[in-house]
Amino acid sequence: MSKELTLYLMTELEKEPVMFLLINVPKQQFETISVQLEEIDLRPLPKHDVHALIRNILGNVDDELADFIYREAGGNPLFTIEAIRNTRRNKIIKQVSGTWHLSKEQTLVFLDDLYGLVMSTIDSLASDPRLIVDYASVIGYRFSLRILSELLTRPDLKEHLDHLIAEGYVVLSSDGDDPVYIFRHNLLRDAAYNVLPVRIRKEIHYKVASLLEQVYSDNLSSFYEEVARHYLACDRHGRAANYFKLAGDKAKNLYAVDQALSFYEQVLDIKKRFGTELSKPSYREIMLNLIDIYEIKGDIKKMERTAREKLVETLKDGDQKNAVLFAERQAYGLILLNRLEEAEELLNSSIEKCGDKMADTLPILYADLGVLHANRYEYDECLLNFNLSWRTARANNIKEAEILCLLNLSKLHKGLGNYEKAIDYLQHGLEILIDTEDIRKNIELQYLIANIDYEIWNIEKAKTVLSECLMTADSIGSFDAYIRSALDLARIHSLNGEPGHVTKYLKDVDKKISFLIRESLLAEINLKKALVYYNSGDSKKANDYVINSLRIAERLNQHEIEFECFELLSMIDENHNMENARKALHLAEEMKLPPLIASALYRMAMIYLEKNDIERARHHGRKALLVYDDIKSRLSDANRQHFVRRPEYAKLLEI
């Protein structure tokens with residue numbers, strides 16, 4: 001199990017009666033989680049403990065026998081257990097009147113090392129059970145009766161497996177129509193596997209891969225990785241690469257990006273090591289998927305560099321379609337790196353190259369141009385391209401692209417204070433999603449609706465929707481949505497003065513981010529934590545988190561987060577409150593976003609009010625109120641009733 005999965009399971013199962021036994025793991029790896037840890041020193045057992053272990057297995061034993069096994073096993077519990085098994089098999093001990101005695105004393109040479117111990121255990125088996133162990137070791141640490149019975153067509157196979165269970169070689173892991181067994185420990189499996197001649201191993205691997213394809217043809221996607229590894233072990237590199245690609249595609253579709261990355265890298269490693277030929281379409285599809293994964297993981301420089309290199313390759317080959325796709329990925333990477341002129345040139349060139357056969361790519365290119373203009377604060381051009389993207393997606397019935405367009409349009413209108421329009425786009429997106437059953441996209445849309453409800457100050461509705469998002473995100477493992485929802489709920493409860501709920505949600509967030517976090521998300525997390533701690537009266541923690549958030553946001557050009565950081569610093573740092581408030585206002589005016597401008601003006605009005613400069617406070621307050629009134633005028637009657645309850649709005653009316 002990976003460290004990340006172990007950490008996740010330990011935190012998720014903290015209140016369950018489960019013990020994790022970890023060997024050779026540095027204790028500092030688990031400093032980020034709050035579960036109870038106990039370090040066990042695995043020194044040899046003392047004599048009295050070895051005697052207790054022997055009596056637990058055998059029952060009554062005389063002291064001479066107990067001393068003999070202790071001396072031979074050296075206090076190692078595993079050696080002790082195997083010494084008992086060996087002495088019984090070789091009739092070195094005998095039972096008289098219910099007590100075990102040593103019948104003849106001799107050196108147990110197989111206990112010289114652990115490998116010798118395991119091999120002696122396997123060598124003591126009769127020929128039929130030994131053959132089963134050999135074949136099972138090639139199948140893997142886990143093996144199904146169905147596959148094993150296809151390899152070894154023996155009527156007494158089940159009886160031999162029961163014997164191996166009784167003797168402690170294997171364990172029945174799951175029963176049912178297709179029972180699954182596991183080796184008692186990996187040492188047994190590895191020892192049996194390694195002594196098999198390489199030629200025999202490869203033959204069995206090939207048979208197992210073929211059987212998996214045949215036996216589980218109706219559900220082969222569950223066995224892609226397993227089939228790939230068997231084909232790789234028998235030098236069928238092309239087939240192995242094909243199955244690793246399928247495993248990567250499956251993992252990517254399930255948002256298991258680390259797994260997908262590992263599988264795709266396996267394909268590229270096979271290509272490099274063995275010169276395995278991949279079809280150009282397959283290879284380029286893998287590279288496009290890898291570029292997407294680099295973006296998700298926040299490695300934007302690698303994303304842009306890889307896309308640029310592959311664009312050069314495809315242009316040389318005259319592969320027009322993939323050239324456009326790689327150009328789009330490179331352009332989006334350039335946007336994220338704030339190299340907007342280069343990105344615009346690439347996108348416009350790609351749009352010109354798109355013909356009727358690439359209608360599915362056009363909505364993405366227009367959407368990227370929209371994002372580019374949004375980064376320049378050219379909102380008319382942004383809106384034009386987002387609408388072009390939406391119309392193109394609808395005309396060609398490309399649902400996924402249409403939902404992306406609706407998300408973009410909603411975010412744009414939210415930023416401009418057009419809250420009703422933003423919600424309308426999201427509701428339309430939810431109607432489309434009913435057919436696609438994309439739960440992750442559904443959560444994303446619902447979360448944005450809750451976010452807008454919060455801005456309108458419909459707090460109860462926002463809290464209800466966020467709670468639903470949190471539950472759904474947790475059930476499907478959508479960590480970003482879970483973290484954002486939990487932090488927003490913590491913020492709402494901090495405003496309501498409910499410290500118990502705040503602590504719970506912050507603890508839930510810490511459990512998740514202890515094993516999965518991207519830097520692009522970290523700035524947002526730190527900012528929201530800062531807001532929660534500020535609302536809860538802990539200015540020291542709020543200051544620490546907001547400074548960390550600001551550093552990341554400045555490096556990644558996350559200007560809206562920068563704005564919120566300076567605004568919060570103007571409330572925390574009394575010595576520089578006006579300086580930070582002016583920085584926030586400058587950013588808001590540069591971005592031309594009315595809700596941020598109104599918020600920054602309100603903050604400056606409050607600072608002047610604290611300084612008893614009533615004239616300036618009213619001047620900035622009136623300007624803020626004008627912007628808020630403009631936003632309010634675009635709301636429905638029901639939402640206006642919530643909006644006027646915003647603390648800022650109510651305070652401005654008093655001034």
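Tutor: Let us start with a charge and a ring: Lys512 lies over the face of Tyr482, at 4.7 Å from the ring centre. The term applies if NZ of Lys or CZ of Arg is within 6 Å of the ring centre and within 35 degrees of the ring normal. Arg394 also lies over a ring face, that of Trp390, at 4.2 Å from the ring centre.

Student: Before we go on, what should I know about the model and its numbering?

Tutor: This is a predicted model, in which local features need pLDDT of at least 70 and side-chain atom pairs count only at pLDDT 80 or more, while totals for chains, interfaces and linings use all residues. Residues are numbered from 1 along each chain as its sequence is written, and side-chain values use heavy atoms, with hydrogens and water left out.

Student: How many aromatic pairs does a search of the whole structure find?

Tutor: Rings of Phe, Tyr and Trp (its six-membered ring) pair if their centres lie within 6.5 Å, and the planes count as stacked under 30 degrees apart, edge-to-face over 60 and tilted for the rest. The search of the whole structure finds 12 such pairs. In one of them, Phe143 and Tyr181 have ring centres 5.7 Å apart and planes at 15 degrees, so this pair is stacked. Phe143 belongs to strand 3 (residues 142-144) and Tyr181 to strand 5 (residues 180-183), so that the pair links distant parts of the chain, 38 residues apart. Strands (E, at least two residues) and helices (H or I, at least four) are DSSP runs, numbered from the N terminus.

Student: Which kind of pair do Phe143 and Phe183 form?

Tutor: Phe143 and Phe183 form a tilted pair, with 5.6 Å from centre to centre and 55 degrees between the planes. Since Phe143 lies in strand 3 and Phe183 in strand 5, this pair ties together parts that are 40 residues apart in sequence.

Student: Are Phe143 and Phe183 buried or exposed?

Tutor: A residue is buried under 20% relative accessible area, exposed over 50% and partly exposed in between (1.4 Å probe, protein chains only). Phe143, at 2% relative accessibility, counts as buried, and so does Phe183 at 1%.

Student: In what order do the strands of the open sheet lie?

Tutor: Two strands pair if DSSP finds at least two bridges between them. Here 3 strands form an open sheet in the order 3-5-4, with antiparallel pairing. The edge strands, strand 3 and strand 4 (170-174), each pair on one side only. Strand 3 and strand 5 are joined by 3 bridges, and Phe143 stands opposite Tyr181 in strand 5. Strand 4 is joined to strand 5 by 4 bridges; these two strands form a hairpin with 5 residues between them, and Gly176 in the turn has a positive phi of about 135 degrees.

Student: Which way do the residues of strand 5 point?

Tutor: In a regular strand the side chains alternate between the two faces of the sheet. In strand 5, Val180 and Ile182 point one way and Tyr181 and Phe183 the other way, and all are buried.

Student: Which residues of helix 11 are buried?

Tutor: An α-helix has 3.6 residues a turn, so residues three or four places apart point the same way. In helix 11 (residues 224-233), the buried residues are Tyr224, Val227, Ala228, His230 and Tyr231. They lie on the same side of helix 11, because they cover an arc of only 165 degrees around the axis, taken from the directions from the helix axis to the C-beta atoms. These buried residues pack against helix 6 (127-139), helix 10 (198-215) and helix 12 (237-253), where contact means heavy atoms within 4.5 Å.

Student: Where is Ser97, and what is its phi?

Tutor: Most residues other than glycine have a negative phi. Ser97, however, has a positive phi near 55 degrees and is found in the loop between strand 1 (93-96) and strand 2 (99-102). Ser97 is exposed, with a relative accessible area of 78%. Tyr377 also has a positive phi, near 65 degrees, and lies in the loop between helix 18 (362-375) and helix 19 (379-395), but Tyr377 is buried, with a relative accessible area of 13%.
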